[in-house]
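Reader: I would like to learn how to read a structure like this one. Please take the features one at a time.

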Amino acid sequence: MEKRALGSSGLKVSAMGLGCMTMSDFYGSDRDEQESIRTIHRALDLGVDFLDTSDLYGIGENEKLVGKAIQDRRDEVVLATKFGVVRDRWGGPWSYNGRPEYVKAAAEASLRRLGVDHIDLYYLHRIDPFTPIEETVGAMAELVKEGKVRYIGLSEAPAHLIRSAHAVHPITAVQTEYSLWSRDIEDEVLPTLRELGIGFVAYSPLGRGFLTGTIQRYEDLDYDDVRRNFPRFQGQNLQKNLQFVARIQEMAAEKGCTAPQLALKWILMQGNDIVPIPGTKRRKYLEENIAALQVELTDSDLQRLNQIAPKNVAAGHR
């Protein structure tokens, strides 16, 4: 498995990671803990060492699942988790919390659920608009000094706040949605990261599953699938986006690969400082995703993909 450095921090991870969110939450109720654990073990066997979770996913249950899966293989894992989105177990409104005292309490809770003595990469999941980013990152830096966290990151942060955070303590990675149908980070965020020597982690690199081509109708989504609430999966937006996906599928067939493999390879070729973390809860999809590393694309292939998927190609807000 190829390794990639996350910026200038010195942290190296597998060129592709594994997003663990759907093993516990959000994309329907078709979940199987044992298959999820087997998927994590298979990922480690194949050299994927970068696992991504959050205290948000399943309100802590996903961290417990990941902790159970890696309890005998901790030294094989670069473990990333996140904090900062507060969610009521009984369905109340979500909120953001980046206050220093909460940072420390959240980290302690994640360490307990994961069953580990340190977190390799600890992200602020979303910016708290009522707490200066400098205060939040200052508290995260204290966790580094205490040895409870090795590196810190941000998720879905704008360029100006990335600069402010990085001035307090080196930011190792920023995580944001990035795929053939979500390219807005190319305008300001990605250039800022490269200027500052910060790595980039691409979540939802398959367009929240839409680029796989398996979602053809709104009704294909389970009643409890959060994607039912996303404009890109609804009505006329869905129909327009299906046309775009059909073109990706057509090109993938010509290249002898699947549409997900083509989409992942495109991201992998956007820079060696980018690490996609496609999520799955099934071994067969994990193996398909990893095979994207072997897909070969020429410069003309990349140009064609950029024509198929220019910025703002998707209908509807992400």
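Reader: Is Arg38 buried, partly exposed or exposed?

Author: Buried means under 20% relative accessible area, exposed means over 50%, and partly exposed lies in between, with a 1.4 Å probe and protein chains only. Arg38 has 37% relative accessibility and counts as partly exposed. Glu35, with a relative accessible area of 10%, is buried.

Reader: What should I know about the model itself before going on?

Author: This is a predicted model, in which local features need pLDDT of at least 70 and side-chain atom pairs count only at pLDDT 80 or more, while totals for chains, interfaces and linings use all residues. Residues are numbered from 1 along each chain as its sequence is written, and side-chain values use heavy atoms, with hydrogens and water left out.

Reader: What joins the side chains of Glu35 and Arg38?

Author: A salt bridge is a side-chain nitrogen of Lys or Arg within 4 Å of a carboxyl oxygen of Asp or Glu. Glu35 and Arg38 form one, at 3.3 Å from N to O.

Reader: Why can residues three or four places apart in a helix point the same way?

Author: An α-helix has 3.6 residues a turn, so residues at that spacing point the same way. Glu35 and Arg38 are three residues apart in helix α1 (residues 33–45), about one helical turn. Helices (H or I, at least four residues) and strands (E, at least two) are DSSP runs, numbered from the N terminus.

Reader: Which parts of the chain does the pair Arg318 and Glu156 link?

Author: The closest N and O atoms of this salt bridge are 2.8 Å apart. It links distant parts of the chain, 162 residues apart: Arg318 is in the segment after α10, and Glu156 is in the loop between β9 and α5 (159–168). Arg318 is partly exposed, at 30% relative accessible area.

Reader: Where do Glu254 and Arg304 lie?

Author: Their salt bridge has its closest N and O atoms 2.7 Å apart. Glu254 is in helix α7 and Arg304 in helix α10, so the pair ties together parts 50 residues apart in sequence. Arg304 is partly exposed, with a relative accessible area of 29%.

Reader: How many residues of helix α8 are buried?

Author: In helix α8 (residues 259–268), 10 of the 10 residues are buried, so the helix is largely enclosed by the rest of the structure. Among them are Lys265 and Trp266. The cover includes α7 (235–255), α9 (283–290), α10 (299–308) and β11 (199–203).

Reader: In what order do the strands of the open sheet run?

Author: Two strands pair if DSSP finds at least two bridges between them. Eight strands form the sheet, in the order β3-β4-β5-β8-β9-β10-β11-β12, with parallel pairing. At the edges, β3 (18–19) and β12 each have a single partner strand, so one side of each is left without a neighbour in the sheet. Strands β8 (residues 119–124) and β9 (residues 149–155) pair over five bridges, and Leu121 stands opposite Tyr151 in β9.

Reader: How many helices and strands are there in the protein chain?

Author: The chain has 10 helices and 12 strands. Its radius of gyration, taken over C-alpha atoms, is 19 Å, close to the 20 Å that the globule rule (2.2 Å times the number of residues to the power 0.38) gives for 318 residues, so the chain is as compact as a globular protein of that length. Buried residues make up 56% of the 318.

Methods. Contact means heavy atoms within 4.5 Å.
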